[in-house]
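Q: I am new to this structure and would like to go through its side-chain contacts. Could we begin with a charged pair?

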Amino acid sequence: MGPAGDAPMELNGQNGHSNGAGKTRRRSSKQFDASLSLADFVVGESSDPILPPAGFTEWHAAASWEADLYEPQLLASAEPHTTIIYDGRARPVINLCSYNYLGLATHPTVVAAARGALDKYGVGACGSPVLSGMTDLHRELERRIAHFLGREDAIIFNSGFGGALGTISGLLRKTDVAILDNRSHLSLRDGAVLSRCRLERFEHNDPASLDAALGRRKGKRQLVVLEGIYSMDGDFAALPDLLEVADAHRTSVFIDEAHSMLACGAHGRGAAEQFGVEARIPLIYGTFSKAFAALGGFVAGPAETLDYLRFYAHPYVYSCALPPVIVAAILEALDVAGREPQLRSRLWENATYFREQANSLGIDTGASTTYIMPLIIGDRARMYRLGHELRRRGLFVAPVDYPAVPEDRICFRACVTAGHTRADLDEALNILQDTFVPELAHSL
Ligand SMILES: Cc1ncc(COP(=O)(O)O)c(C=O)c1O
């Protein structure tokens, strides 16, 4: 079955399953062929593109038990304790799934700011920012993000995915080269594909591989694309080493700080701040859907670059602006993250505690050094069995299947937040000890 929401560029991960509305499907009488995955249904072999490839519908139907773990319906907010529908009924769960890293989704002043904007501006922006969707709040957010990051200007997008796609495709042209880490998010890869530029990949976080990739296309306009924190593995980009290589080739770097913005660095300015390399990265991109706990994306950098992008980033020009209510919430979230640095400290304390305890139980968290952690199980059948057991026991983690990760790295992804108490984390660890750890023993 499918991946979680993010996927490495190599593997064309798509969330291709639908769980229906509220009903839990029973195991199909047809046998689920576990040797097949979404990677096997990419090629359009039917005579009509409206028809899915042969075998997909049958495979998908047979995989309904596995699919039940995807698109779970939340009945409440993305807080550490929430309620989901599982097996046809409401279940309270400890939530290690949501990106609500600083707990701002329900912060009282953030919610109040959103309510105030709802009263004043109504629900939607009702137009592209270029024509009628821009409000004074959107302009203020541009200024505030630019100021926060020490940049000349910022553009606000109505989605993080669209922001990455629009920025990369808006800047690169057919004769250019995008150089991406092979664990890059699909939004970055798709931006490069849309621009029709040449795509070069380098081995994850490997400076020698980056050097070789840059060397292969000498003389072309090139852009190195990195991520602050990689969204599946939860490890940082090796920024100092990779920047040294990019600098040696006089190549500009674009960084995706989706998972690191507001949560990393002394002031929350992301991985670039944490590594002290902000001045060496001209273009910073982030999303408002992770630590900001809202929706949307931004890119910040030189005014002349952004003036150009305001016309050539299609998801900006040709798509409706963010609802003002969301912009108001983001503005307040930015203030709260500045006023309450203890949220960041708590996030990191919780992440370190949870990872150390999980590791002491024998759970492999891969290369993670952050609040995003793969809990590696490395076997599809075990992962789905365990996935159901965890939901039954009240632990909500994201299943991550091939092709989003290599088959031997099939895992659950856990996201720890500032809002989790020690008791929450201990309860989650107890559930893992009762369920996950015995499965590991079986695999030895
Ligand atoms: C690294 C990375 N970049 C971009 C995005 C897209 O952001 P959004 O979900 O806000 O559209 C994601 C989403 O998870 C991501 O992980």
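Q: What do the side chains of Asp434 and Arg393 meet in?
A: Asp434 and Arg393 form a salt bridge with an N to O distance of 2.9 Å; the term stands for a side-chain nitrogen of Lys or Arg within 4 Å of a carboxyl oxygen of Asp or Glu. The pair joins distant parts of the chain, since Asp434 belongs to helix H16 (residues 422–443) and Arg393 to helix H15 (residues 380–393), 41 residues apart. Helices here are DSSP runs of H or I with at least four residues, strands are E runs of at least two, and both are numbered from the N terminus.

Q: Where do these values come from?
A: This is a predicted model, in which local features need pLDDT of at least 70 and side-chain atom pairs count only at pLDDT 80 or more, while totals for chains, interfaces and linings use all residues. Residues are numbered from 1 along each chain as its sequence is written, and side-chain values use heavy atoms, with hydrogens and water left out.

Q: Asp434, then: buried or exposed, or in between?
A: Asp434 counts as partly exposed because its relative accessibility is 46%. Buried means under 20% relative accessible area, exposed means over 50%, and partly exposed lies in between (1.4 Å probe, protein chains only). Arg393, at 35%, is also partly exposed.

Q: How many salt bridges are there by this rule?
A: The count is 20. One of them pairs Arg139 with Glu142 at 2.6 Å, N to O. These two are three residues apart in helix H5 (residues 136–149), so about one helical turn separates them. Arg139 is partly exposed at 38% relative accessibility, whereas Glu142 is buried at 4%.

Q: Changing topic, how many aromatic pairs does a search of the whole structure find?
A: The search finds 15. Rings of Phe, Tyr and Trp (its six-membered ring) pair if their centres lie within 6.5 Å; planes under 30 degrees apart are stacked, over 60 edge-to-face, and the rest tilted.

Q: Why is the pair of Phe157 and Tyr316 edge-to-face?
A: The planes of Phe157 and Tyr316 stand at 75 degrees, with the ring centres 6.0 Å apart, so the pair is edge-to-face. Phe157 lies in strand E3 (residues 153–157) and Tyr316 in helix H12 (residues 314–317), so the contact ties together parts 159 residues apart in sequence. Both residues are buried.

Q: Which residues do ring pairs link into a cluster?
A: The cluster consists of Tyr99, Tyr101, Phe236, Phe275, Trp348 and Tyr371.
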